[in-house]
Amino acid sequence: MANVNASVCNLERYKCSDKGMILPLVNEYSWSLEARIIVYLIGMLWSFMGVSIIADIFMQAIETITSKTRVIEIPDPDFPGENKQIHVKVWNDTVANLTLMALGSSAPEILLSVIEIIWNGFRSGDLGPSTIVGSAAFNLLFITGACLLVIPSGEVRRIRSIKVFAVTAAFSVFAYLWLIVILLLITPHYVDLWEAFLTLLFFPFLVIIAFLTDKDYCGRKAVGDSTAGLKIDIHTMSVTGEDADKALVSSVVKRIGRTPNISDVTVAKITAKYIQENSHHSRAWYRMNAIRQMSGSQPLVPKLTEEQEELLSRLYSNKEFDSETPVRNSAAIVNKAILEFAASTVAILEKDKRVRIVVNRGGRQNNRVIFKVETVDGTAKSGEDYRPLKQTLVFEPDEVIKPIDIEIIDDNQWEPDEVFFVRLTVESGQGAIVGDKAVCQVTILNDDDPGTFQFSGPSYLFKESCGKALIPLERLSGADGKVSVKWKTTDMSAVNGKDFKGGEGELKFFHGEVSKMLEIPIFDDQEAEKDENFQVELISTTGGAKLGRITRAVITIVNDDDYNGLVSRVVNMTNTNLDNVRLQTQSWGDQFKTAMNVNGGDVETATFFDYMMHFFTFGWKVIFALVPPPSIWNGWLAFIIALAFIAILTTFIGDLAGIFGCLIGLNDIVTAITFVALGTSLPDLFASKQAAQQEKNADNSIGNVTGSNSVNVFLGLGLPWVVSSIYWTAKGESFEVPAGSLAFSVMLYTVFAICCIALLMLRRNIAAFGKAELGGNTGLKIASAVVLMTLWVLYVLLSSLEVYGIIKAGF
């Protein structure tokens with residue numbers, strides 16, 4: 001309590017002056033109640049941001065520690081008798097998540113409990129234990145509900161490490177049941193030394209059991225994650241000087257395309273974001289990124305301008321970039337179905353009276369898509385040559401082909417070939433986009449010839465970096481019936497198997513199809529060399545079709561002139577964009593530079609919110625830049641110093657929250673389960689939301705919540721209870737922990753936690769929910785989220801009513 005002259009100050013009027021451990025620092029006797037409430041509210045919010053920022057640094061240290069690798073040698077399957085070196089993490093992921101990672105995300109709650117009990121003379125307080133239970137309720141109920149809502153329609157997220165989740169979920173329920181047992185049954189309202197020690201010992205026991213489960217020592221090995229796509233461990237990646245990593249950047253550059261108006265700087269920035277979005281990240285990474293976005297700091301995923309975001313779509317669509325064609329935004333392509341016609345042109349004999357056009361579905365296939373097809377007149381007129389069509393159709397989940405029949409009018413009069421068009425459209429919000437073949441040209445033929453096949457030209461040029469040569473093959477003078485054309489390649493200066501994948505093949509044409517692409521993969525060996533070529537020849541047909549005049553074509557592979565130089569430049573600039581996550585490269589100077597600049601110095605993409613939050617948190621950023629970089633002592637020095645800062649800041653948060661609650665008439669327990677629990681858990685909310693959206697499984701979004709909640713009890717209560725029990729046992733007394741409202745809050749949370757876990761297991765095993773913890777059927781997804789969030793509201797409401805005596809628990 002501040003030094004207040006009792007002869008001047010009436011302590012009864014100096015409200016809440018005795019609530020804090022350190023605060024108030026100055027005499028606030030003359031301040032109005034309203035002014036003190038505002039000051040303490042702003043101070044509490046500011047301190048929450050401060051503890052989030054230092055937690056970011058704390059997490060950086062933990063990431064550096066847990067991402068440490070060692071080199072081991074294993075037999076090389078490509079070279080029998082030889083070994084190859086691989087990097088293996090020293091820390092097991094499960095152990096890291098339950099120890100350092102859990103401590104990193106829950107450090108404020110755990111330290112608040114420890115500091116409060118020591119400062120109170122080893123007597124139990126209200127803020128610490130209630131904050132732990134309140135945070136557990138918010139994390140499990142509200143955050144899980146929020147993660148359910150952010151999953152795009154039709155998508156699902158399953159917990160991959162389900163056995164580990166089962167262990168941590170069981171322990172998370174057991175932890176709170178154990179609290180009820182020791183508070184109400186064994187020694188009511190007291191915690192003996194053996195009970196405190198056992199509570200703390202449950203922590204290493206949990207870690208050991210989870211580790212054994214993760215290693216599957218007692219069961220069959222689980223099938224690895226089948227998630228498709230590029231997955232990179234960004235923390236151990238070193239692009240410069242590594243052939244494999246240079247190849248990675250090279251492949252990204254190829255997919256963007258070599259367009260003259262795209263600068264190397266833009267390509268490097270897009271490459272960095274692409275790598276980040278397609279990398280496997282830990283829970284700590286998502287939490288750090290969330291904190292940086294909240295505080296106007298440099299995010300771990302590089303921000304792009306609107307134009308650069310459009311160019312990023314090139315990586316996801318993997319189609320040739322055309323400067324005259326609008327490029328789709330990447331957000332519109334990732335995880336969406338792609339609808340397009342099977343062929344851009346088809347032909348039909350007038351006497352057949354019906355033409356069948358096929359719509360194919362690529363990309364995502366597990367959602368329901370509504371689309372429209374409509375005919376448009378060309379030389380053929382609707383009502384005279386064909387029946388007009390304007391129809392809405394549906395692709396059901398896992399349906400990939402949709403045939404469409406259009407009636408042709410046979411008027412028994414000779415007329416030249418005529419054409420009309422069929423247009424495909426998809427409305428927004430369907431989780432789908434239209435591919436390149438959005439329009440199909442239909443030709444009405446007046447003969448029944450199966451057609452003549454030939455190349456459209458005698459030679460073609462393709463860049464070595466194109467990935468695939470698409471050679472157009474035409475069907476002329478008829479399109480009747482199903483026929484095929486056989487082809488073969490002949491080496492010239494380009495060699496089959498080295499420069500391209502050739503040989504022999506067969507290209508099928510269905511009835512009415514008049515053009516297709518013959519696809520031949522091109523290999524990019526990333527070596528400077530002269531142009532190379534090979535020949536493709538049409539050798540025979542089936543179904544009565546004939547070969548036309550141009551049956552041979554020479555394919556020339558053109559080397560990209562400055563390709564190697566480009567890749568080298570992009571590699572270097574990509575390294576620069578990724579430096580903020582390669583923690584071992586940071587220095588004190590880098591930390592201060594990043595701390596003092598909005599968005600880490602990238603003002604081009606900084607928003608008004610970034611500027612506002614940077615101004616609000618500038619002081620914290622500069623102060624915490626004093627923490628040694630994680631590159632020193634492999635992160636351990638930063639770990640210790642950051643933990644000390646968190647302890648100091650948590651002390652002030654406890655005082656600010658206690659005095660603020662007192663000033664507005666809130667009980668400490670209610671303050672703890674609302675303001676303090678929310679303030680310390682908001683970074684977890686945003687981190688889980690991002691992980692749910694970006695990851696292909698639910699492990700980093702909700703899978704780690706149960707483990708963190710268990711650790712909070714075993715460490716956050718076990719550690720201070722052991723210290724206090726030792727103190728009071730040495731004095732010949734017992735450590736008193738009044739059950740009261742704490743026991744009621746714990747019982748309420750335990751019931752709701754069992755309901756939440758049961759709901760998640762139902763969602764995982766029932767097809768109607770999508771057989772996944774997150775996502776699935778939209779209606780059931782929303783209903784599940786509403787149920788969980790309602791449980792959290794009920795927890796806060798009922799706990800508060802019990803505190804104020806409206807509900808009589810009788811403990």
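Modeller: A residue is called buried when its relative accessible area is under 20%, exposed when that area is over 50%, and partly exposed in between, with a 1.4 Å probe and protein chains only. Because its relative accessibility is 5%, Cys16 counts as buried. The model is a predicted one, in which local features need pLDDT of at least 70 and side-chain atom pairs count only at pLDDT 80 or more, while totals for chains, interfaces and linings use all residues. Residues are numbered from 1 along each chain as its sequence is written, and side-chain values use heavy atoms, with hydrogens and water left out.

A disulfide is a covalent bond between the sulfur atoms of two cysteines; here it is assigned to a pair of cysteine sulfur atoms within 2.5 Å. The search of the whole structure finds 1 disulfide. Its partners are Cys16 and Cys662, with sulfur atoms 1.9 Å apart. Cys16 lies in the segment before helix 1 (33–66) and Cys662 in helix 13 (residues 636–663), so the pair ties together parts that are 646 residues apart in sequence. Helices (H or I, at least four residues) and strands (E, at least two) are DSSP runs, numbered from the N terminus. The torsion about the S-S bond of Cys16 and Cys662 is about -85 degrees, so this disulfide is left-handed.

Two further cysteines may be described in the same terms. Cys147 has 1% relative accessibility and therefore counts as buried. Cys440 is also buried, its relative accessible area being 0%.

Two strands are said to pair if DSSP finds at least two bridges between them. Leu349 stands opposite Leu445 of strand 13. These strands belong to an open sheet of 5 strands in the order 6-13-11-8-9, with mixed pairing. Its edge strands, each pairing on one side only, are strand 6 (345–349) and strand 9 (390–395).

Buried residues also occur in helix 17, among them Gly718, Trp721 and Trp728. The buried residues of this helix pack against several elements, including helix 2 (93–119), helix 4 (162–186) and helix 5 (193–215), where contact means heavy atoms within 4.5 Å. After helix 17 comes Gly732, whose phi is positive, near 80 degrees.
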